[in-house]
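Here are my notes for a colleague meeting this structure for the first time. Please read them with the model open.

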Amino acid sequence: MVFVADPFKFEAGIYDSVWQRDYRREAEALDQIFEAFSVHRVLDVGCGTGGNAIALAELGYDVVGIDISPSMIERAKRNARGVDNAEFLVMDMRNLTFRSEFDAAICLGAASSHMLTDGDLFRFLRGVHRSLRNGGIFILHAYNVSAFDRSALGKSFSGDVVADFGIKARSRVRLTLISEEPFVVNWESFWFVFDRGSFRVVRRTIPLRWYRMGALKNALTSSGFVVEGVSSSLLHYPVFRVSPKDKNIYFFAMKP
Ligand SMILES: C[S@@+](CC[C@H](N)C(=O)[O-])C[C@H]1O[C@@H](n2cnc3c(N)ncnc32)[C@H](O)[C@@H]1O
């Protein structure tokens with residue numbers, strides 16, 4: 001038996017309760033963008049529990065979702081029951097094995113924050129580039145460091161209350177700065193978990209990278225992409241000017 005370490009097993013159990021998004025609306029926005037690029041086959045990088053992949057599959061796209069976490073992939077497969085055209089694989093986004101197979105790739109929900117070094121970032125971007133056909137489009141979400149609230153560093157604040165399959169949890173979160181360049185913060189959370197009569201505290205520390213937008217644009221360009229647009233929202237493409245205060249940035253890049 002091969003032992004596979006799962007860095008996000010705990011998060012996989014609570015993801016769908018804590019980080020709810022309107023995946024259907026996002027899929028409709030993606031659908032409008034994809035129309036211009038004749039997209040049929042989509043790669044979802046760092047797909048988590050499959051929210052984007054499943055919503056796109058329901059619109060008729062053939063989707064492959066990959067994630068490093070076997071628990072996330074297990075959840076995604078469970079969430080996709082009855083949806084035939086979504087496939088899910090355990091794979092590290094730094095070692096994508098596809099070759100010119102996809103018309104589009106997406107990397108949403110800040111999965112890019114897990115690329116903690118430039119080495120990781122470039123392996124990821126080059127792998128996405130290899131996975132796309134010529135003329136394919138890549139939509140990449142990232143956190144913008146200039147919108148980071150430094151006054152929050154070191155302070156604790158209450159997080160989410162979760163109810164998931166009989167488990168109730170409340171979290172307390174603290175952010176600490178790990179490095180300025182690249183800009184990495186530890187997202188340290190304590191989860192107070194009530195699980196069918198028992199109580200436990202789970203401590204999670206996840207380093208997350210926030211990007212300098214110019215540097216990320218340059219990384220895309222030197223990985224072979226042409227950046228077509230940048231927007232603070234997936235729903236408003238293309239907007240070429242974003243405010244330094246926008247936390248969420250979406251790059252729309254093409255493999256020429
Ligand atoms: C915040 S979740 C986003 C999930 C999904 N994209 C969404 O928008 O709902 C980040 C995901 O990135 C995955 N991840 C982190 N490092 C990864 C890596 N090296 N390769 C593939 N997936 C990774 C995590 O397991 C997690 O599911």
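1. Contacts first. Two residues are in contact here if their C-beta atoms, placed from the backbone, lie within 7 Å. By that rule, 16 residues of domain 1 are in contact with 13 residues of domain 2. On the domain 1 side, helix α1 (residues 9-18) gives the largest share, 5 residues. That side of domain 1 divides into 7 nonpolar, 5 polar and 4 charged residues.

2. Model and layout. Keep in mind that this is a predicted model. Domain 1 covers 9-144 + 211-254, and domain 2 covers 147-209. Taken over C-alpha atoms, the centres of domain 1 and domain 2 are 24 Å apart.

3. Helix α3. Is helix α3 (residues 51-58) largely enclosed or left open? It is largely enclosed by the rest of the structure, because 7 of its 8 residues are buried. The buried ones are Gly 51, Asn 52, Ala 53, Ile 54, Ala 55, Leu 56 and Ala 57. Their cover includes the helices α2 (23-35) and α4 (70-79). It also includes the strands β1 (41-45), β2 (62-67), β3 (86-90) and β4 (102-107). Just after α3 comes Gly 60, with a positive phi of about 110°.

4. In soluble globular proteins, nonpolar side chains tend to be buried together. Here the largest nonpolar core has 63 residues. Strand β5 (residues 132-143) supplies the largest share of this core, 6 residues. Both domain 1 and domain 2 contribute, with at least three residues from each. The residues with the most contacts inside the core are Val 45, Leu 56, Ala 105, Ile 106, Phe 138 and Phe 251.

5. Val 45 up close. Which residues does Val 45 touch, leaving aside its neighbours within four places in sequence? They are Ile 66, Met 93, Ala 105, Ile 106, Cys 107, Ala 111 and Val 128.

6. The ligand. 18 residues surround the ligand. The closest are Gly 46, Gly 48, Ile 68, Met 93 and Gly 109. Met 93 is also one of the contacts of Val 45. By class, the shell has 8 nonpolar, 7 polar and 3 charged residues.

7. The β8-β9 hairpin. Strand β8 (residues 183-195) pairs with strand β9 (residues 198-210) in the antiparallel sense, over 13 bridges. Trp 191 stands opposite Val 202 in β9. The two strands form a hairpin with 2 residues between them. In the turn, Arg 196 has a positive phi of about 45°.

Technical notes. Residues are numbered from 1 along each chain as its sequence is written. This is a predicted model: local features need pLDDT of at least 70, side-chain atom pairs count only at pLDDT 80 or more; totals for chains, interfaces and linings use all residues. Domain bounds come from an automatic or database domain assignment. Helices (H or I, at least four residues) and strands (E, at least two) are DSSP runs, numbered from the N terminus. Ala, Val, Leu, Ile, Met, Phe, Trp, Tyr, Cys and Pro count as nonpolar, Asp, Glu, Lys and Arg as charged, and the others, Gly among them, as polar. A residue is buried if 20 or more other C-beta atoms lie within 10 Å of its own, exposed if 12 or fewer, and partly exposed in between; C-beta atoms are placed from the backbone. A residue is near a molecule or strand if its C-beta atom, placed from the backbone, lies within 6 Å of it. A nonpolar core is a set of buried Ala, Val, Leu, Ile, Met, Phe, Trp, Tyr and Cys residues joined through C-beta atoms within 7 Å. Two strands pair if DSSP finds at least two bridges between them.
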